[in-house]
Amino acid sequence: MNVLLIGSGGREHALAWAISTSPLLTKLYCAPGNPGIAKFAQIASIDVANHAAVIIFCQTYDIQFVVIGPEAPLVAGLVDDLKAAGIKAFGPSKFAAQLEGSKGFTKDICAKYSIPTAAYGRFTDLSKARAYLNRRDAPIVIKADGLAAGKGVTVAMTMDEAHAALDNIFSGRFGEPDCVIEEYLEGEEASFFVLSDGIHTLALATAQDHKRVGEGDVGPNTGGMGAYSPAPCMTDAMCTEALEKIVKPTISALRDMGHPYVGILFAGLMITRAGPKLIEYNVRFGDPETQALMVRMRDDILTLMLATVDGALDKLSVRWRPEFALTVVLATSGYPGDYVKGSEIRGLDQDFGKDLQIFHAGTTLNQGKVIATGGRVLNVTALGNTLHEAQRRAYEAVAKVDWPQGFCRRDIGWRALNI
Ligand code: AMP
């Protein structure tokens, strides 16, 4: 079959790499894609925000299946529009995508279905939000309701910070003021990925990422500076508990609401002393976690995605390579603050060995040269028999990339390696 993949990051490069090996694939297209993806897919220059243009492309190129990488097209209802045009697509409907698109939507489901999460209040009125906040103490967490590109959450260590975060949300910076104020959870964070066809679930794998820019998890938040899989704190028992108490009740809730959840559900968990609690849902694969997941997956991702859309997940299982995978993100100096685009990256053509992949996240090709165009630019992903070995291999490969304007965290995996 012909498949169209939507997206242009490291996550989509990893998905393209995995999909390209599928026995079900005839031809892979990707929009907007990147130079790494171009090795596996024909790049399509479509404006993916223009759903009619995506549909026309699918009709013209006989696309039978569309895989959507990022959250924005899902929240905008691309799956609904493709479905209405008779085109199968992997990902949740606009309604179900509210699990990521609205923090309040998810919290209200958690409250109704007794899903373990932080205690919270939801407000569209500043004076009520302030009154709620004044009855509590720091640390406390303030969240803008909608998609905010990772900038809508403040983990406030003081009440001043908390009030400033409220002011920021009610200034309209994130659109119509709507916020969640929630209890600060203590524990270790982990990412848990589960496929759902609306009725059945299939747990995929676990990972941990590194959101802060600085070593030791300090400094500003980023899109993610590295990840590894599996997450040692997500034991089989912990995965079962998270699946039974958090993910399955959410899938039932969406089904009860008349909008079955179809796609990948990425649960961001805090493993507290009282067990796993939900921090947030994402309605798509994680970036950079997917890069670590795809190199470990032994079964065909396209078969799994099709079974998800066809309601046939009960007939499938998934096998993983026993090794650990670890991804180091190479970013442009200055990221996540201001940075200069346009520097050249050399050395990507050499042989890095069979268990090493370099996924492109923010690059372009200019007269045969690879040029950095984004904040997060490359994802160096290695497999190893131990996490330590995967880490060593990833950093050995990083050292071979000739890019003076780039940087990376030197401690990806530290939390798991220090146990
Ligand atoms: P989110 O966008 O909801 O994942 O939040 C971004 C980050 O803020 C998470 O990855 C956590 O590190 C942190 N965070 C969010 N909610 C809480 C919470 N209730 N307690 C502690 N940390 C949190």
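Biologist: Where does Ser 114 lie?

Modeller: Ser 114 sits in the loop between α6 and β6 (120-123). Keep in mind that this is a predicted model.

Biologist: What phi does Ser 114 have?

Modeller: A positive one, about 55 degrees, although Ser 114 is not a glycine. The residue comes just after α6.

Biologist: And is Ser 114 buried or exposed?

Modeller: Ser 114 is exposed, with a relative accessible area of 64%.

Biologist: Which other residue has a positive phi although it is not a glycine?

Modeller: Asp 217 is one, with a phi of about 60 degrees. Asp 217 belongs to the loop between β12 (212-214) and β13, and it is partly exposed at 22% relative accessible area.

Biologist: Back to α6. How many of its residues are buried?

Modeller: Seven of the ten residues in α6 (103-112) are buried, so the helix is mostly covered. The buried ones include Phe 105, Ile 109 and Cys 110, and Lys 103 and Lys 107 are also among them.

Biologist: What about α11, how many residues are buried there?

Modeller: Helix α11 (residues 301-309) is mostly covered too, with seven of its nine residues buried. Among them are Ile 301, Leu 304, Met 305 and Thr 308.

Biologist: Which residue caps the N-terminal end of α11?

Modeller: Asp 300 does: one of its side-chain oxygens is 3.3 Å from the backbone nitrogen of Leu 302. Just after the helix, Gly 311 has a positive phi of about 70 degrees.

Biologist: Which residues of α2 are buried?

Modeller: In α2 (residues 51-60) they are His 51, Val 54, Ile 55, Phe 57 and Cys 58. These lie on the same side of α2, because they cover an arc of only 160 degrees around the axis.

Biologist: And what is exposed on the other side of α2?

Modeller: Ile 56, Gln 59 and Thr 60 are exposed there.

Biologist: Why would residues three or four places apart point the same way?

Modeller: An α-helix has 3.6 residues a turn, so residues at that spacing point the same way.

Biologist: Ligand next. Which residues come nearest?

Modeller: There are 15 residues around the ligand, and Glu 182, Glu 183, Leu 185, Glu 189 and Glu 280 come nearest.

Biologist: What is the shell made of, by class?

Modeller: Eight nonpolar residues, seven charged and no polar. At least two shell residues come from each of β7 (140-144), β8 (153-156), β9 (179-183) and β16 (275-282).

Biologist: How much of the ligand does the protein bury?

Modeller: Taken alone the ligand exposes 470 Å², and the protein buries 89% of that.

Biologist: Different topic. How many disulfides are there?

Modeller: The count is zero.

Biologist: Where is Arg 409, and is it buried or exposed?

Modeller: Arg 409 is in the loop between β23 (406-407) and α13 (414-417). It is buried, with a relative accessible area of 1%.

Biologist: What does the side chain of Arg 409 reach?

Modeller: The side chain of Arg 409 reaches the backbone oxygen of Arg 212 at 2.8 Å and that of Gly 214 at 3.2 Å.

Key: Residues are numbered from 1 along each chain as its sequence is written. This is a predicted model: local features need pLDDT of at least 70, side-chain atom pairs count only at pLDDT 80 or more; totals for chains, interfaces and linings use all residues. Side-chain values use heavy atoms; hydrogens and water are left out. A residue is near a molecule or strand if one of its heavy atoms lies within 4 Å of it. Accessible areas come from the Shrake-Rupley method with a 1.4 Å probe; for residues, only the protein chains shown count as cover. Helices (H or I, at least four residues) and strands (E, at least two) are DSSP runs, numbered from the N terminus. Ala, Val, Leu, Ile, Met, Phe, Trp, Tyr, Cys and Pro count as nonpolar, Asp, Glu, Lys and Arg as charged, and the others, Gly among them, as polar. A disulfide is a pair of cysteine sulfur atoms within 2.5 Å. Buried means under 20% relative accessible area, exposed over 50%, partly exposed in between (1.4 Å probe, protein chains only). The arc is that of the directions from the helix axis to the C-beta atoms. A polar contact is a pair of N or O atoms within 3.5 Å; within protein, one must be able to donate a hydrogen and the other to accept it, and residues adjacent in sequence count only if both atoms are side-chain atoms.
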